[in-house]
Amino acid sequence: MAEGADMFSLREVLVAFKGCLSEQQEVRVDPYLEGWKGLVRFLNSLGAIFSFISKDAVTKIQIIEGYRNSDQREKYLTIQSMVEYELSNGLVDLDKRSEHPDSGCRTLLRLHRALHWLQLFLEGLRTAKEDAKTSVICSDSYNASLANYHPWIIRKAAMVAFYALPPRNTFLENMNVGTTEEAMAMLGDALPFICKVYEITEDLYAQHKLLGLP
Ligand code: 1PW
């Protein structure tokens, strides 16, 4: 397939997540959002049925981009600086959404939870048997992670979307990384970076008791 400027490749997503980690093991916000934008393109390439899933991710990305384009942009350079800034200035609703319904902390937490799903899904894809059903890998990983935070109506809609996923080999081809073997090798290279970004964020949020933000 010819390489086009707007063609999706999962490689870009993984490169972006690799670029998230600073030398001090902080998570940079801009590449995090770039990674997510790539994922949204990927979700959209899976068909219209996935657009309800990507739509919410787009809203969340835009909220955080808004902070990165505001006067306080420097405070939102890394997830660590964002948490520090918002908490010390009382900009996070801790018990109930009220004055700060769209804080960076609560918005990023939603993406963070979804990243866990992605991580489990890609791991499942990489380690599954050749004839494994993508829909099953996807729903298993979803049920083990993000589903716990979703009401049943969303869970139901997600399950319907998963049935529409193509078989594993077609799916790996859709990632536009090359042969199935190349796609698998890339997943193997890149997954540790996604895991690391996830872990650092999880630890930071746990440390500040932010994992249940409303
Ligand atoms: C093929 C595997 C791809 C994994 C990509 C993950 C995309 C995740 C987006 C799921 C969105 C489902 C519909 C929206 C639900 C929102 O209510 C929920 N958002 C998320 C990201 O979970 C919670 O946000 P809210 O309602 O508290 O603002």
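Let's start with confidence, that is pLDDT, the predictor's own score for each residue from 0 to 100. In this chain, confidence is highest in helix H4, residues 79-88, at a mean of 98, and lowest in helix H8, residues 168-174, at 82. Helices here are DSSP runs of H or I with at least four residues, strands are runs of E with at least two, and both are numbered from the N terminus.

As you'll have gathered, this is a predicted model: local features need pLDDT of at least 70, side-chain atom pairs count only at pLDDT 80 or more, and totals for chains, interfaces and linings use all residues. Residues are numbered from 1 along each chain as its sequence is written.

Across the chain, pLDDT averages 91, and 96% of the residues score at least 70. Residues 1-5 stay under 50, and the model gives them one contact beyond four places in sequence. A contact means two C-beta atoms, placed from the backbone, within 7 Å. For the model overall, ipTM is 0.92 and pTM is 0.93.

Now, please look at the ligand. Which residues come nearest to it? They are Ile 53, Asp 56, Arg 110, Ala 114 and Leu 118, out of 13 residues around the ligand. Near, in this case, means that the C-beta atom, placed from the backbone, lies within 6 Å of the molecule. Helix H3 (51-68) and helix H5 (104-127) each supply at least two residues of that shell, and H5 gives the most, with six. By class, the shell has ten nonpolar, three charged and no polar residues. For that count, Ala, Val, Leu, Ile, Met, Phe, Trp, Tyr, Cys and Pro are nonpolar, Asp, Glu, Lys and Arg are charged, and the others, Gly among them, are polar.

Next stop, helix H2. The buried residues of H2 include Tyr 32, Trp 36 and Phe 42, and the buried set packs against helix H1 (10-18), H3, H4 and H5. Buried means 20 or more other C-beta atoms within 10 Å of a residue's own, exposed means 12 or fewer, and partly exposed is in between, with C-beta atoms placed from the backbone.

Let's zoom in on Val 29, which is found in H2. Is Val 29 buried or exposed? It counts as buried, because it has 23 C-beta neighbours inside 10 Å. Leaving aside residues up to four places away in sequence, Val 29 touches Ile 64, Arg 68, Tyr 76, Leu 77, Thr 78, Ile 79 and Met 82. Val 29 and Tyr 76 are 47 residues apart in sequence, yet 6.9 Å apart in space, C-alpha to C-alpha.

After H2 comes Gly 47, with a positive phi near 120 degrees. Most residues other than glycine have a negative phi. Asn 176 has a positive one, near 55 degrees, and sits in the loop between H8 and helix H9 (180-207). Asn 176 is partly exposed, because 18 other C-beta atoms lie within 10 Å. Lys 209 also has a positive phi, near 55 degrees, and is found in the segment after H9. With 9 other C-beta atoms within 10 Å, Lys 209 is exposed.
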